[in-house]
Amino acid sequence: MLSALLVMAALAIVLGAVLGFAAIKFHVEGNPLVDKIDAILPQTQCGQCSFPGCKPYATAIAAGEADINRCPPGGVEGIQKLADLLGVDFKPFGGDTAAPKPKSVAIIDESTCIGCTLCIQACPVDAIVGAAKQMHTIIAAECTGCELCVAPCPVDCISMQVIEEKISNWKWKYPVYSLVTAQ
Amino acid sequence: MRTLYHFHGGVHPPSNKTQSTRLAIAPAPLPSRLIVPLHQHAGETAKPVVQAGDHVLKGQLIGMPDGFVSSAVHAPTSGTIAAIDMQLIAHPSGLPNLCATLIPDGKDEWIELEPVKNYRDHSTTELQHLLRMAGVVGLGGAAFPSDIKLRLGKQKIKTLILNGAECEPYITCDDMLMRERAAEIVQGAEILRFMLDADEVLYGVEDNKPEAIAALQQAITASGSALQQSKRHEVVAIPTIYPGGSAKQLIRVLTGLEVPSGKLPTDIGVQCFNVATAYTVHRALAHGEPLLSRIVTVAGNVREARNYEALIGTPIDELVALSEALPDTNGYIMGGPMMGFALPGMSGPGPAVHVPMVKATNCIIVSSEKLFPPPPPAMPCIRCTRCVEVCPADLQPQDLFWFAQSKEFGRAQTFSLFDCIECGACSYVCPSHIPLVQYYRFAKSEIRAREHDKQLADQARDRHEFHEQRIEREKREKAEKLAAKEKAAQAAKLAAQPLTAEQQAELANLATSREHIRELAQSAVEHTTENTGAN
Amino acid sequence: MFFSPFISKSEGVAAIMLKVLLALLPGISLYVWYFGPAILVSIALASITALATEAAMLKLRKRPIAPFLKDNSALLTAWLLALSIPPLAPWWMVVVGTAFAIAIAKHLYGGLGSNMFNPAMVGYAVLIISFPMQMTHWLAPQGLVLAELSFAQQLQYIFSGVLPNGLTLDAITMATPLDTLKTHLHLDESVQQILNMPIYGQIGGHGSEMVAWGFLFGGLYLLASRIISWHIPFTYLGTLFVIAWIFHLADPTHYVAPLFHWFSGAAILGAFFILTDPVSSPTTNKGRLIYAAGAALLTYLIRTFGGFPDGVAFATLLMNICVPLIVLYTQPKVFGKKDGGKKDDQP
């Protein structure tokens, strides 16, 4: 009886020491979780998650203050990736979050633009060029489609245009065929 | 006898080549109109330099290369540009792309040609530029701009390989070109060899083309003294096995070298060109002719399969009409039956859309239900590994299929998805009739799109961070400015206070003493004996 | 719209399975010749059960029924299972075993192509664990027993369990050669003494060795028609031979000669028909070598030191468990990824 207790105690001490040693030896500095979450987020900086950008949202998720299903541009796949990373259950879009939309870019109707620079101030990625009283234009390649410029425009000259499928961005589709599958 | 090596796997589909090699290459008549896509090559779309309504001459530039990987596009004959707009092109997507439509005037009037008299007097860079402006691209199917493949890297090129393997069933355009125009191929090969400064030129031709092999050998012997270097040219008959004509596999067979995964042949001192490309290089330099036409095999469900020399932009239905498609035709396939694709707008009933042939069009197979029956319903994979046995890239196709099907792209990549050359051998032997290659194409393009999105996201993140910093800086600067302004305002406030009587007296004092000093100084100039001190 | 390649040379899954069924016929014919037609009853029973279970499961899983019933894979499972159990086993045993194999071992894992274990061997394992007694009632080869049943009497026994008057089960059945060997070795008899018993023939059991020849013939046909590769059968039989040979050399009175191991029990059937099941065996050639060698070692150990008369089924199932791991660690080198350009494999 006593020897059994002693063996167990010794085991506990040894294993505890190993665990403690491992914790010191393999200690990871910093909080890489925020960066990992941020890497999954699409960086549209649109604020649809109710946070002022992707990084703040990532910080909130890491701190457990925000749900993983608040990022419409990331789509269902984004939620899945976050769920995998954080080891939590997948959560569909719902509640007050908007549904995902097809990827678009903002277009300024240059004949209507009055050059008020309000949209330039709103753009989170500096994708709009122009100066006061001058016509503005959007660098399509830099636009993340966040729609933040649409609301501030006093003359409603900004519209969102869905990115069309062209030969340059065409993708092979998932095979669809008369299928007999065990799936 | 040269030692040959072999690659893993491969299949022997019925070749169906003899039907189209009975007759000599025929020049295709001028079509009613030519639709010339401005994106016929790998890389960036050429920029149109003509407008609708312009009259152009044969060989006139209509598309300027735009970007590093790009190539020129020319008017295939003289005539009027009817439109520059989006037209359906030969692409598996079935999407339209920018095309110039040319109505021939029937005169076939050339621009003034500027042949290069002796290419050896020119630098490789100059010749590269000429080839780029002549629109020379690889004619084996990928249509990669040839000038880029001729750029010299750090690695010395030891072997130049001329690809005449032509392993896909039905296709015989290279075979016929080698039979009929071997001398010009050899001369083009010598130009390429000169540009790359390669030690040897090997012509890899599958041993089911004895006529082509003989013709090339004869051409090399005949041009022996003229070439000076002919001892460096050698025709090698290689075993007939699909996909022996795939560049990596051909290099393996001829040299025993494997192009390392993710690297280029030039990294191991080898470069590879299609024989038809060599022919075009010769025409482009020795005759100054840009790439305006190519040899196309028309085969399959036709009355008379044959090779035609047709202008780029010829509507495919007009080309096929020359061989007379049989009544049960249900579509056209561009390329071979293993790697080609069904042309858009041509399957099913309804009027055929005038998709044009392009520089990459080596073969048009007219299909019928009898020749190419639709695949039976796919069954689940039973892991029989027939696909493993035939895979020329030593992959595990059944695993890749599993990952692609379940969209586990990360694992697909670790199982070397991108080393797949999409040859189709796996699907060809699959007893479950699974469209394996289709899954790989899907997975590859999804992965590429994701990587692109990731890049954009990273860019957006950087730009957003910069934006934040800028806002921060502006705020700080504004704050600093405000602080400075306040300071100045305080100073001004101080200055605005009235002077006391004492201060006024002092100021007046200062003024009078300054006056006094000035007077003294003046008098000092005259007398020089007076005291000069000022207190 | 369909995509390249537009041509196919494959004969289809059903044709492959059919060829495997055909390859079983020589063995089955010899089985009938030496042991009577009762085995045909089990095969028929198992086939009907397999097809019925397959159809029911497909219906439950909402899959198309016709193409899967026609793929012959359920029939193959049925035949292999029927060949592994005694022909005189009561009808409900065949039905239970086959239904379990198809419903549980095959369809609950995802159906054709997704089963981790060989369904026929799962069925066998269930039967031998649940009904060990009935699984030992093997028919004696003709001419070796006191009384022989007519086909009608066999049918009666299979379906009703009633034997003709005055007969006991012991009079018409006997243990398998492997089982007999094991029992008598426990009684401290030498291998030489035991092999003199009438149940033994030239190499293995009387009659059953000829059946094994039949399966060997069918297996060679499968090899020749490239339905299976040499890796599994050759490695399996080779390893079994070597291990048996080492033991036999060390102590011939207690360890039987290697050829006996080949030609008794299910060694040949296992080597060519069971272990080679593509779904539950490794997909890499190197993996196949490991898998087959492991199965041979386990077979020998179970036969010689274990409690079951034959070891092929359990060896197969145990190696099935290892398949994913074996495959993961035996991935072949991809083109352009090893010491690129090593000029080693000249034709």
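Where in chain A is the place of Q43(A)?

## Setting of Q43(A)

In this predicted model, Q43(A) sits in the loop of chain A that runs between α2 (32–40) and α3 (54–62). The relative accessible area of Q43(A) is 1%.

The surroundings of Q43(A) involve two chains. Leaving aside residues up to four places away in sequence, Q43(A) touches D38(A), C54(A) and T144(A), together with A457(B), A460(B) and R461(B). For D38(A) there is also a polar approach: a polar atom of the Q43(A) side chain lies 2.7 Å from the backbone oxygen of D38(A).

## Domains of chain B

## Domains of chain C

For chain C the assignment gives domain 1 (12–174) and domain 2 (177–330). The centres of these two domains of chain C, taken over C-alpha atoms, are 21 Å apart. Contact between them involves 30 residues of domain 1 of chain C and 29 residues of domain 2 of chain C.

The size of an interface is often expressed as the accessible area that is lost when the parts come together. For domain 1 and domain 2 of chain C, the buried area is about 2600 Å², and carbon and sulfur atoms give 82% of that area. Of the area that domain 1 of chain C buries against domain 2 of chain C, 18% is supplied by M116(C), N118(C) and M121(C), more than by any other three residues.

## Polar and charged terms at the chain C interface

How many salt bridges does the rule find across the interface of domain 1 and domain 2 of chain C? The count is 0. Polar contact between domain 1 and domain 2 of chain C amounts to 2 residue pairs, both at pLDDT 80 or more.

On the side of domain 1 of chain C that touches domain 2 of chain C, at least two residues each come from α1 (13–35), α4 (73–84) and α6 (119–130) of chain C. The element that gives the most to this side is α1(C), with 12 residues.

By class, the residues of domain 1 of chain C that touch domain 2 of chain C comprise 23 nonpolar, 6 polar and 1 charged.

Key: Residues are numbered from 1 along each chain as its sequence is written. Chains are lettered from A and ligands numbered from 1 in the order in which they are written. This is a predicted model: local features need pLDDT of at least 70, side-chain atom pairs count only at pLDDT 80 or more; totals for chains, interfaces and linings use all residues. Side-chain values use heavy atoms; hydrogens and water are left out. Domain bounds come from an automatic or database domain assignment. Contact means heavy atoms within 4.5 Å. Buried area is the accessible area (1.4 Å probe) that two parts lose on being put together, summed over both. A salt bridge is a side-chain nitrogen of Lys or Arg within 4 Å of a carboxyl oxygen of Asp or Glu. A polar contact is a pair of N or O atoms within 3.5 Å; within protein, one must be able to donate a hydrogen and the other to accept it, and residues adjacent in sequence count only if both atoms are side-chain atoms. Helices (H or I, at least four residues) and strands (E, at least two) are DSSP runs, numbered from the N terminus. Ala, Val, Leu, Ile, Met, Phe, Trp, Tyr, Cys and Pro count as nonpolar, Asp, Glu, Lys and Arg as charged, and the others, Gly among them, as polar. Buried means under 20% relative accessible area, exposed over 50%, partly exposed in between (1.4 Å probe, protein chains only).
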